[in-house]
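Subject: Structure for you to look at

Hello,

Here is the structure I promised to pass on. Please open it beside this email and follow along.

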Amino acid sequence: MHHSFIKAIGNLFGQRISPTSLQFRLSVESIAIAIVSLSCVSLWAGWRMEQTLITTNKQLLEYIATRFPEQVEMYMETGGLTAGIDRTTKKVATSGLAILVQSPDGRLLGKSANNDSAPDNAQIIEAIAVPTTPQIIQFRGRSIVLCGNNLTINSKVVGKVYLSKDITTEQNNLNQSIYGLAIVSILATAIAILAIVHRVRKTLDPLAQISHIASVVSIEDLKSSSLQLDRAPDEIQGLVKAFNQMLLRLSATWEQQRQFVGNVSHELRTPLTTIGGYLQSLLLRGDNLSTYQQQAIATASAETTRTIQMLQDLLDLARADSGNLHFRQSPVFLNTLLVEVAAMSENVSGRSVKLLPTDYDVVALADQDRLQQVLINLVDNAIKYSADAVEIKLETRDNLAIVQVCDRGIGIPLEHQSRIFERFYRADGAETRSREGTGLGLAIAKSLIEGMNGKITLRSKPALGSMFTISLPVWTQP
């Protein structure tokens, strides 16, 4: 039942709603308040209408019972007691109102014309004890207001008068009105629920937008991802302002970090290059070194070379960020370039790289050296994370040259795919931590491809592999 209610609320919102979310709680609480309020109003209105009906008829019988002896005395003056009772009965009796007058010994002194739909007072008197004040009784499936009082004429009790008012029709009409009120209340509750759900969703939309931007914003979008909500409440406006200020601070901090990394990389590259040169020279001329010393110097030289390459990558990223990374755009025959990349990768790794054949030449407008660097990096990554052969596909689509590097390796979880092109970012898993890498390769690939007016994207599923797609403009002969 609980899950069905949550699902129903989710259907009203048109999306999946968590039972612990603010949106769900506000909606449920508001709906509960609306239902209780409308139900209380409906119940009170129905009860009040019924009380009004009963009270009105009781007061009518009390008034008639009070005035009946006076009317009889007035009409007695011209015809005696029997004539007075008869004329008073005829004058007072109305539709649904029955009057019966009996003498103390039970003789009939007067009686109103009986309504066929209403029970006879004589039958009621025989069946139940008649109250002296008007009361509601149920007799043979009908609702009747009944009372009986002594008829006192000139301070002498001459009999007893019984008054009854059949209110069955009125009560049925009242019940119909109450049913109608209940239907209207249900419709009003449904409209209120829809209005509450819509209003809660609209009110919390700014929070959803903030959450969405916070989840998808990238480093490059920090400056342009500010949120503008002119019609939001003041509390939301304050949150939006604080959120935008946070983005600006993050953008400034990131810019300072990039400048710092670029400056440090530039300053470290020269001394590390010198150290690497001395280590290489020492290896070539160190005939008198022990085997252990040669291994230690070789390790230091390899690590120095790797560090210099990382610094060069950082400098390339810094130049790309500042717009100082220049590209030599020219026609590139991708068929030939991919054959060379596949051959180079096979020679270095000893693994198979399968280039799917293309029946036509594909010429892209790009920087061949930069593009080759990106392709080698992608193929190298595919080889690292896959035990099967790597495939390279080439095609054209919508005036774009499409290159796809596919593997059937460990894949990349969905939560990491949006950040895989960030610098120094690596998926946190045992499979990735066990492999070499700095986390700069894909960030550089993205900067280089975008610098050539292209685009690089990723599609991946864990345990099924990954596919990196490069889209470049097709070269058209002028």
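Start with Ala302, which sits in helix H7, residues 291-322. Helices (H or I, at least four residues) and strands (E, at least two) are DSSP runs, numbered from the N terminus. Ala302 has 44% relative accessibility, so Ala302 counts as partly exposed. The scale is simple: buried means under 20% relative accessible area, exposed means over 50%, and partly exposed lies in between (1.4 Å probe, protein chains only). Now find Gly276, 26 residues away from Ala302 along the chain. The C-alpha atoms of the two are separated by 8.5 Å.

A word on the source. This is a predicted model, where local features need pLDDT of at least 70, side-chain atom pairs count only at pLDDT 80 or more, and totals for chains, interfaces and linings use all residues. Residues are numbered from 1 along each chain as its sequence is written, and side-chain values use heavy atoms, with hydrogens and water left out.

The whole chain

The chain has twelve helices and twelve strands. Of its 478 residues, 38% are buried. Contact means heavy atoms within 4.5 Å. Take the contacts between residues at least 6 apart in sequence: 61% of them join residues at least 24 apart.

Two packed helices

Two packed helices are described by the angle between their axes and the distance between the axes. Look at H8 (residues 334-349) and H9 (residues 368-384). They pack at an angle of about 45 degrees, and their axes are 10 Å apart. Axes are lines fitted to C-alpha atoms, for helices over the stretch in contact, and angles run from 0 to 180 degrees between N-to-C directions. H8 and H9 are therefore oblique to each other. For the cut-offs, angles under 35 degrees count as roughly parallel, over 145 as roughly antiparallel, 65 to 115 as roughly perpendicular, and the rest as oblique.

Which residues of H8 and H9 meet? On the H8 side they include Leu334, Leu337, Leu338 and Val341. On the H9 side they include Leu371, Leu375, Ile376 and Val379. The residues of this contact divide into ten nonpolar, four polar and one charged. Here Ala, Val, Leu, Ile, Met, Phe, Trp, Tyr, Cys and Pro count as nonpolar, Asp, Glu, Lys and Arg as charged, and the others, Gly among them, as polar.

Strands of a sheet pair through backbone hydrogen bonds, either parallel or antiparallel. Two strands pair if DSSP finds at least two bridges between them.

Val403 has Ile470 in S12 as its bridge partner.

Glu391 is in strand S9, residues 390-397. Is Glu391 buried or exposed? Glu391 is buried, with a relative accessible area of 14%. Leave aside its neighbours within four places in sequence. Glu391 then contacts Lys354, Leu356, Gln404, Val405, Cys406 and Arg408.

Positive phi values

Most residues other than glycine have a negative phi. Asp398 has a positive phi, near 55 degrees. Asp398 is in the loop between S9 and S10, and is exposed at 70% relative accessible area. Asn453 also has a positive value, near 65 degrees. Asn453 lies in the loop between helix H12 (441-451) and S11. Asn453 is exposed too, at 60%. In H12 itself, the buried residues include Leu442, Ile444, Leu448 and Ile449.

A glycine comes next. S1 (residues 97-102) and S2 (residues 108-111) run antiparallel, joined by three bridges. Their hairpin has five residues between the strands, and Gly106 there takes a positive phi near 95 degrees. Val101 has Gly110 in S2 as its bridge partner.

One more residue

Gln171 is in helix H5, residues 168-216. At 14% relative accessibility, Gln171 is buried. Beyond its neighbours within four places in sequence, Gln171 contacts Glu50, Leu53 and Ser143.

Best wishes
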